[in-house]
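Take a look at the model below.

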Amino acid sequence: MKPQEVLHGHDLKRTACREGILSVMLESGHALSENEIKHELQGSFDRTTFYRSFKTLLDKSIIHKIVVDNQVVKYAL
């Protein structure tokens, strides 16, 4: 599945940041921390844009939070 298909399926506009976040997550194949995702996109987007896009994906239930060992928070599709 492609990021564009995921966004279209949830009636969301395609933005470079949303597509970038989804691309990183789709390519990894496993849950990632917020910092791991930011690291993969390093310097591509400012902090505000990243967090707004990330929150939108969470709010639309495209990604969800996983707590590992009661400490580490990771996110998966």
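A salt bridge is a side-chain nitrogen of Lys or Arg within 4 Å of a carboxyl oxygen of Asp or Glu. The structure holds 3 of them. This is a predicted model, where local features need pLDDT of at least 70, side-chain atom pairs count only at pLDDT 80 or more, and totals for chains, interfaces and linings use all residues. Residues are numbered from 1 along each chain as its sequence is written, and side-chain values use heavy atoms, with hydrogens and water left out.

Start with Glu36 and Lys74. They form a salt bridge whose closest N and O atoms are 3.8 Å apart. Glu36 lies in helix 3 (residues 34-40) and Lys74 in strand 2 (residues 72-76), so the pair ties together parts that are 38 residues apart in sequence. Helices (H or I, at least four residues) and strands (E, at least two) are DSSP runs, numbered from the N terminus. Glu36 is partly exposed, at 33% relative accessibility. Buried means under 20% relative accessible area, exposed over 50%, and partly exposed in between (1.4 Å probe, protein chains only).

Next, go to helix 4 (residues 47-59). Here the side chains of Lys55 and Asp59 meet in a salt bridge, at 2.9 Å from N to O. The two residues are 4 apart in the helix, a separation of about one helical turn. Lys55 is partly exposed, with a relative accessible area of 49%. Asp59 is exposed, at 53%.

That leaves Glu19 and Arg14. Their side chains meet in a salt bridge, with 2.5 Å from N to O. Arg14 is exposed, at 55%.
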